[in-house]
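Here is a short report for a reader new to this structure. It covers salt bridges, helix packing and a surface patch.

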Amino acid sequence: MNSTRTMTAQEYLAQTQDLDKRINNKLDQLMKLRASATMATATIADMPKADSPPLQSMENVVVKIMDLNTAITADIDALVERKQEITTLFKLIPTIEDQLIMEQRYLCSKTWAQVADFLEYDGRYIRKLRVRATQAFVKIFAEHMQKTLYDTMHL
């Protein structure tokens with residue numbers, strides 16, 4: 001029995017926001033590691049000179065910083081690739097207005113209230129457009145997934 005579940009359009013779109021959050025978390029970790037490396041350097045510089053300074057702990061911090069930089073770069077690459085895919089699908093939405101709504105929400109990570117402000121619409125009208133734009137995207141996404149599945153099966 002195949003337990004593979006197809007991703008929904010909402011889950012697909014949420015991936016960009018999840019990746020954004022992951023990148024921001026790693027950037028916070030990187031800042032803390034760099035701060036601890038700076039503190040360790042200052043501590044080592046202020047200490048009386050010993051025969052063998054604690055360079056191993058400093059080396060571990062530098063290695064962690066390098067590994068985290070690599071992970072951040074990989075996440076940024078994945079985010080850029082996913083946003084390019086989404087942009088391609090958004091361009092298939094029939095109206096420019098609906099495309100803008102989806103881009104503002106899912107590529108620019110704006111709240112629906114911010115999207116309404118950006119487009120200078122009131123809340124009720126943006127909710128109506130949101131439903132229309134989302135329905136259009138769900139249809140496009142379903143066709144995309146079906147084509148992707150077909151292409152995968154016929155390789």
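## Salt bridges

A salt bridge is a side-chain nitrogen of Lys or Arg within 4 Å of a carboxyl oxygen of Asp or Glu. This is a predicted model, where local features need pLDDT of at least 70, side-chain atom pairs count only at pLDDT 80 or more, and totals for chains, interfaces and linings use all residues. Residues are numbered from 1 along each chain as its sequence is written, and side-chain values use heavy atoms, with hydrogens and water left out.

The structure has 4 salt bridges. One of them joins Glu85 to Arg82, at 3.0 Å from N to O. Both residues sit in helix H2 (residues 55–90). They are 3 residues apart, about one turn of the helix. Helices here are DSSP runs (H or I, at least four residues), numbered from the N terminus. Glu85 counts as partly exposed because its relative accessibility is 30%. The scale is simple: buried is under 20% relative accessible area, exposed is over 50%, and partly exposed lies in between (1.4 Å probe, protein chains only).

Asp98 is buried, at 3% relative accessibility. Glu97 is partly exposed at 22%, and Arg132 is partly exposed at 36%.

## How H3 meets H4

Two packed helices are described by the angle between their axes and the distance between the axes. The axes of H3 (residues 96–107) and H4 come within 9 Å and cross at roughly 135°. H3 is therefore oblique to H4.

## A nonpolar patch

Ile96, Leu100 and Phe118 make a nonpolar surface patch of about 280 Å². Patch residues have over 30% relative accessible area and no salt bridge, and nonpolar side chains are joined within 5 Å. Areas come from the Shrake-Rupley method with a 1.4 Å probe. Phe118 lies in helix H4 (residues 112–119). Phe118 counts as partly exposed, at 43% relative accessibility.

How values were computed
Patches are made of residues with over 30% relative accessible area and no salt bridge: like charges are joined within 9 Å, nonpolar side chains (Val, Leu, Ile, Met, Phe, Trp, Tyr) within 5 Å. Helices (H or I, at least four residues) and strands (E, at least two) are DSSP runs, numbered from the N terminus. Axes are lines fitted to C-alpha atoms, for helices over the stretch in contact, and angles run from 0 to 180 degrees between N-to-C directions. Angles under 35 degrees count as roughly parallel, over 145 as roughly antiparallel, 65 to 115 as roughly perpendicular and the rest as oblique.
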